[in-house]
Amino acid sequence: MSVSIGYDHDSRMVISGLECKCGLAHNEPKQDIYVGEDIIRNVPKYIRKRGMGEKCVLVCDRNTYEAAGRSVEEYLKADGFSVTLCMLVREGKVVPDERAVGEVIMALSRDTEFLVAVGSGSVTDVTRVSAVNAHLPFVSVGTAPSMDGYTSIVAPLIYRGAKVHRSANCPDVIVCDLTVMSKAPEKMFVSGVGDVLGKYIAKADWVLGSIINGETYCTASGEIVIEAVDRLLNNIPEIKKRTILGTRILIEALLLAGLTIMIIGHTRAVASIEHNIVHYWDMSMLKKGKSEPTHGTAVGISTYLIWPIFEAVAKDGFVKVDKEIVKNNRLSREAREKWVLGTYGDENGREIIRENPGDFLTWEEQERRIDRAFMCEEEIKKELSLLPDRKRIEDAMRLLGSEMTPGEIGIDKKTLNVSLRCAKDYRERYSLFKLLDEMGVLEKYLTMIK
Ligand SMILES: [Zn+2]
Ligand SMILES: [Zn+2]
């Protein structure tokens, strides 16, 4: 395999060697992604290169305006662009809700030609969904290496107090100025690293899906992500110091993970059960009227939390399964639906059931998967043994000063317990948790989680 990442003289990322025999169609990402030091000044040039027009709305919040927004505004104006500033001003942090989206939509005028988001998660997501609804392209100027959503095509939002996902577009131009990003607060680095660590689980679950169900695994995408995550794990002290190099390693890992979504058209390489667990935490916190935990930090914690289960299977394979008992304990379709509605609530629950029609198995299919798991036990063990030791994940998180447990980010025991049991139901996407549930042994493995 020979995927390689480089940059042209303009600091524009160039990916080559995307050949892969997986059989999926691979799209060359069409976005212009720039990563480099002091490149904010080039934003006008990058935009002109894409011919996006002259009139834009620049979206930011108070912090990101200070970090980069003001400079971007000045450089754009000096270059002849017409810029309308839309600063989202809040007491606390900006949340990506209907108020924020409404503010951006109302800042647009008939002749607005594109939007510029200066910020990280929330500002980018608010701009992303506003841009798609206005049929306009947008530019993202990142201010922190805190999450992998810069290249995303989905916007996680809060609507009427509940978490929703809206499909949207990827920015045409992404600018990651390392000088700006290296000055982001420490906790945003913790979050970025946490989001990246989750990719180990996502990759393991993906390969498991290919072993058990013949799901297509894209080796090129898997390689891109794992190489980036390995590089990150090998350079934690540099990231801790927030040097230019450390910032580069982190933002590259986040961007490359996100880019696989462009390449293969889905998020398989970047999110699995660890993200589903966090999604449940987010939902529960919002339901209680509290704010969601920081995304990547929560992903890091859930990854670290479930790691022992992956290690146990890697080391000892599967525990014994009595298929007669499993068959007798199967949930009926009605009981399963009741469980999903009970845990996710009526509205979300129904959506989950509708979107995942293949999630209710016949006994024949369930039995096939159980048999297949035992037949391929050695292969599965080998794959899971590729995961680094949990100690390395722990050391990385501790060195960075991350919270380590769900309790530290406000997740109570009950929410945690439910999340570990219902995360597998959130998507049809295959995971070790799903397999263990189908084998009737998930509860046994959950006792390993302390
Ligand atoms: Zn994430
Ligand atoms: Zn492929």
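Biologist: How many residues of strand 10 are buried?

Modeller: This is a predicted model, in which local features need pLDDT of at least 70, side-chain atom pairs count only at pLDDT 80 or more, and totals for chains, interfaces and linings use all residues. Residues are numbered from 1 along each chain as its sequence is written, while chains are lettered from A and ligands numbered from 1 in the order in which they are written. Strands are DSSP runs of E (at least two residues) and helices runs of H or I (at least four), numbered from the N terminus; a residue is buried if 20 or more other C-beta atoms, placed from the backbone, lie within 10 Å of its own, exposed if 12 or fewer, and partly exposed in between. Strand 10 is largely enclosed by the rest of the structure, because its buried residues number five of the five.

Biologist: Which residues cover the two faces of strand 10?

Modeller: In a regular strand the side chains alternate between the two faces of the sheet. On one side of strand 10 the buried residues are Val 173, Val 175 and Asp 177, and on the other they are Ile 174 and Cys 176.

Biologist: Nice. In what order do the six strands of the open sheet run?

Modeller: Strands pair if DSSP finds at least two bridges between them. Strand 10 pairs in the parallel sense with strand 3 over five bridges and with strand 7 over four. Strand 3 and strand 5 (82-88) are the edges, each pairing on one side only. The pairing of the sheet is parallel, and the order is 3-10-7-6-4-5.

Biologist: At about what angle does helix 4 run to strand 6?

Modeller: Contact requires C-beta atoms, placed from the backbone, within 7 Å; axes are lines fitted to C-alpha atoms, for helices over the stretch in contact, with angles from 0 to 180 degrees between N-to-C directions. Helix 4 lies across strand 4 (55-61), strand 5, strand 6 and strand 7. Its angle to strand 6 is about 165°.

Biologist: What distance separates the centres of domain 1 and domain 2?

Modeller: Ten residues of domain 1 are in contact with nine residues of domain 2. The centres are taken over C-alpha atoms, and their separation is 32 Å.

Biologist: Is His 135 buried or exposed?

Modeller: His 135 sits in the loop between helix 4 (121-133) and strand 7 (138-142). Because it has 7 C-beta neighbours inside 10 Å, His 135 counts as exposed.

Biologist: And how many other C-beta atoms lie within 10 Å of Cys 20?

Modeller: Cys 20 is in the loop between strand 2 (13-16) and strand 3 (32-36). Not counting residues up to four places away in sequence, Cys 20 touches His 26, Cys 218, Thr 219 and Ala 220. Cys 20 is partly exposed, and the number of other C-beta atoms is 19.

Definitions and conventions:
Domain bounds come from an automatic or database domain assignment. Two residues are in contact if their C-beta atoms, placed from the backbone, lie within 7 Å.
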